[in-house]
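The following exercises are intended for a reader who meets this structure for the first time. Each task is followed by a solution in steps.

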Amino acid sequence: MTNGTASTILRIRPADENHRVVTVESPKGHAAYRKEPCPHCPWRTDQPTGRFPADAFRHSAETAHDMSTHRFGCHMSGTDHPETCAGFLLSGAQHNLAVRLDLMKGQIDMDEVTSAVPLYESYREMAVANGVPAGDSALALCRDT
């Protein structure tokens with residue numbers, strides 16, 4: 001349910017007993033996004049892997065599919081006011097239709113999104129580093145470039 005400012009939860013998938021992947025829909029015309037990766041952002045190569053279970057990366061792989069309409073959300077922003085992850089915008093959103101439309105509408109300004117820390121170059125690289133086997137079917141449609 002949405003009241004014009006809150007998001008609508010579309011789907012919840014458990015990743016393990018402590019983690020879940022929540023798919024949300026933001027209010028129309030709203031494209032909130034982080035300007036830099038969070039301290040524990042899974043896109044950061046300088047962070048230990050394993051903070052999130054491999055199933056979380058399997059569930060979120062659709063964000064890196066060609067022409068995807070799902071964005072990789074910042075785990076720190078929550079579900080009431082979700083924001084697109086800065087690491088994703090910098091490394092994994094090149095073929096994401098939703099992000100490309102937000103860019104065309106001027107709702108995302110990539111000049112504002114930066115990282116002073118190293119990031120994985122692709123969703124597949126991040127997922128494999130976090131325990132998803134390279135040949136996993138969840139990664140089959142992920143774009144690497």
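**Exercise 1: Salt bridges around Arg58**

In this predicted model, the side chains of Arg58 and Asp136 meet in a salt bridge, with 2.8 Å from N to O. Determine which parts of the chain this pair links.

Solution.
- Step 1. Arg58 belongs to helix H1, whereas Asp136 lies in the segment after H4.
- Step 2. The two residues are 78 residues apart, and the pair thus links distant parts of the chain.
- Step 3. Asp136 has a relative accessibility of 15% and therefore counts as buried, the cut-off being under 20%.
- Step 4. Arg58, at 27% relative accessibility, counts as partly exposed.
- Step 5. Arg58 also forms a salt bridge with Asp55, the closest N and O atoms being 2.6 Å apart.
- Step 6. Asp55 and Arg58 are three residues apart in helix H1, so about one helical turn separates them.
- Step 7. Asp55 counts as partly exposed, because its relative accessibility is 30%.

**Exercise 2: The surroundings of Lys35**

Identify the residue with which Lys35 forms a salt bridge, and the ring over which the charged end of Lys35 sits.

Solution.
- Step 1. The salt-bridge partner of Lys35 is Glu112, and the closest N and O atoms are 3.9 Å apart.
- Step 2. Glu112 is found in the loop between helix H3 (97–104) and H4, and Lys35 in the loop between S2 and H1; the pair links distant parts of the chain, 77 residues apart.
- Step 3. Glu112 has a relative accessibility of 37% and so counts as partly exposed.
- Step 4. Lys35 is likewise partly exposed, with a relative accessible area of 38%.
- Step 5. The charged end of Lys35 sits over the ring of Tyr33, at 4.2 Å from the ring centre.
- Step 6. A search of the whole structure gives nine salt bridges.

**Exercise 3: Aromatic pairs at Phe72**

How many aromatic pairs does the structure hold, and which parts of the chain are tied together by the pair of Trp43 and Phe72?

Solution.
- Step 1. The structure contains five aromatic pairs.
- Step 2. One of them joins Trp43 and Phe72 in an edge-to-face arrangement, with 5.8 Å from centre to centre and 85° between the planes.
- Step 3. Trp43 lies in the loop between strand S2 (20–25) and helix H1 (54–60), and Phe72 in the loop between H1 and helix H2 (86–91), so this pair ties together parts that are 29 residues apart in sequence.
- Step 4. Phe72 also pairs edge-to-face with Tyr123, at 6.1 Å centre to centre and 65° between the planes.
- Step 5. Because Phe72 is in the loop between H1 and H2 and Tyr123 in helix H4 (residues 123–129), the pair ties together parts 51 residues apart in sequence.
- Step 6. Trp43 and Phe72 are buried, and Tyr123 is buried as well.
- Step 7. Trp43, Phe72, Phe88 and Tyr123 form one aromatic cluster.

**Exercise 4: The largest cavity**

State the volume of the largest cavity and describe its lining by class.

Solution.
- Step 1. The count comes to one cavity of 30 Å³ or more.
- Step 2. The largest cavity has a volume of about 60 Å³.
- Step 3. Residues that line the largest cavity include His40, Cys41, Pro42, Phe52, Tyr120 and Asn130.
- Step 4. By class, the lining consists of five nonpolar, four polar and two charged residues.
- Step 5. Arg44 and Arg51 are among the lining residues, and arginine counts as charged.

Methods
Residues numbered from 1 in each chain as written. Predicted model: local features only at pLDDT ≥ 70, side-chain atom pairs only at ≥ 80, totals over all residues. Heavy atoms only, no water. 1 Å grid on protein atoms, 1.4 Å probe; cavity = no way out; pocket = protein on both sides within 12 Å on 5 of 7 lines; lining within 4 Å. Points joined across faces, edges and corners; volume = space filled by probe spheres on them. Phe/Tyr/Trp six-rings, centres within 6.5 Å; stacked < 30°, edge-to-face > 60°. Helix = DSSP H or I, 4+ residues; strand = E, 2+ residues; numbered from the N terminus. Buried < 20%, exposed > 50% of the residue type's maximum accessible area, 1.4 Å probe, protein only. Lys NZ or Arg CZ within 6 Å of the ring centre and 35° of its normal. Salt bridge = Lys/Arg side-chain N within 4 Å of Asp/Glu carboxyl O.
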